[in-house]
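Look at the sequence and the structure before reading on.

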Amino acid sequence: MNAVASRTVGGGASPRTILITGVSKGLGNALALELAKRGHTVIGCSRTQDKLNSLRLELASTTPASPSTEPNSSSSNRHLLINADVTSNSSIEQLVRIVMEEKGVPDIIVNNAGTINQNNRIWEVPEEEFNTVIDTNVKGLANVLRHFIPLMLPNKKGIIVNMSSGWGRSGAALVAPYCASKWAVEGLTKSVAKELPEGMAIVALNPGVINTDMLVSCFGNSAELYQTPESWALKAATMILNLTAADNGASLTV
């Protein structure tokens, strides 16, 4: 775990509003629940409505009651889950409108939505599959940055976390499209870091090797040898909550 995670456990006393893309499963889902458990407000998006509905119920049972919560209202009302597709610029435009109307500018954005190609040599990866990886992992991330960064600029405040990968810093056979997309995330992050005003930060975060559906698609049954998203989220939440402007442009690892 990177040294950033060793800062104050608990991630600071003040509640934060955190936008996470791709909350329907895996790392995004586990991170959303962990942050809600710590008393932070989660804004989540996904293309899968039924999974958003399930997460809403989980958040309701996980979120601690707030002193300001009305007696007959659920503490999960503080959260906002929206059906949105990061690959669609117009969908993110609509997401921004809803977020600004209901929650205002997020304190932290976690660009987590991502996908991977089926194991194949590059010349055997269908064009449509290659495009899906790039559209989700690179263009989808750019769509979120395009619309949310301008909202953060006036106050020169905000932390953006772009989920990268160990394969965004090295290469691996059979997953070239995914590696290419995560190398792009690393480069995009370092470039955008030079464009942000002092007070803001954008980082590339390698989550490590976690037993998710994506890992199963690559490793098969041996994915079970690695940590669960839930155990990962305990460390990742603390690390993300402790990021500051001093981390701008960093490539970090949980």
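## The second largest pocket

In this predicted model, the second largest pocket has a lining made of Arg16, Val105, Pro106, Asp107, Leu151, Met152, Asn155, Lys157, Gly158, Ile159 and Gly199. Two elements, H4 and strand S5 (158-163), each give two or more residues to this lining. By type, the lining of the second largest pocket has five nonpolar, three polar and three charged residues. The space in the second largest pocket is about 230 Å³.

## The largest pocket

The largest pocket holds about 1,000 Å³ of space. Its lining counts 43 residues, and those closest to the centre are Asn112, Gly114, Thr115, Thr212 and Met214. Two or more lining residues come from each of H1, strand S2 (41-46), helix H4 (127-152), helix H5 (176-193) and helix H6 (213-219).

H6 gives the most to the lining of the largest pocket, namely six residues. Sorted by type, the lining of the largest pocket has 17 nonpolar, 20 polar and six charged residues.

## Helices H1 and H2

How do helix H1 (residues 26-37) and helix H2 (residues 49-62) lie relative to each other? Their axes come within 9 Å and cross at roughly 25 degrees. An angle under 35 degrees counts as roughly parallel, so H1 is roughly parallel to H2. The crossing of the two helices is right-handed.

On the H1 side, the contact is made by Asn29, Ala32, Leu33, Ala36 and Lys37, and on the H2 side by Leu55, Glu58, Leu59 and Thr62. The residues of this contact are five nonpolar, two polar and two charged.

Technical notes. Residues numbered from 1 in each chain as written. Predicted model: local features only at pLDDT ≥ 70, side-chain atom pairs only at ≥ 80, totals over all residues. Heavy atoms only, no water. Axes fitted to C-alpha atoms, helices over the stretch in contact; angles between N-to-C directions. Helix = DSSP H or I, 4+ residues; strand = E, 2+ residues; numbered from the N terminus. Parallel < 35°, antiparallel > 145°, perpendicular 65-115°, else oblique. Left-handed = near helix turned anticlockwise from the far one by under 90°. Contact = heavy atoms within 4.5 Å. Nonpolar A, V, L, I, M, F, W, Y, C, P; charged D, E, K, R; others polar. 1 Å grid on protein atoms, 1.4 Å probe; cavity = no way out; pocket = protein on both sides within 12 Å on 5 of 7 lines; lining within 4 Å. Points joined across faces, edges and corners; volume = space filled by probe spheres on them.
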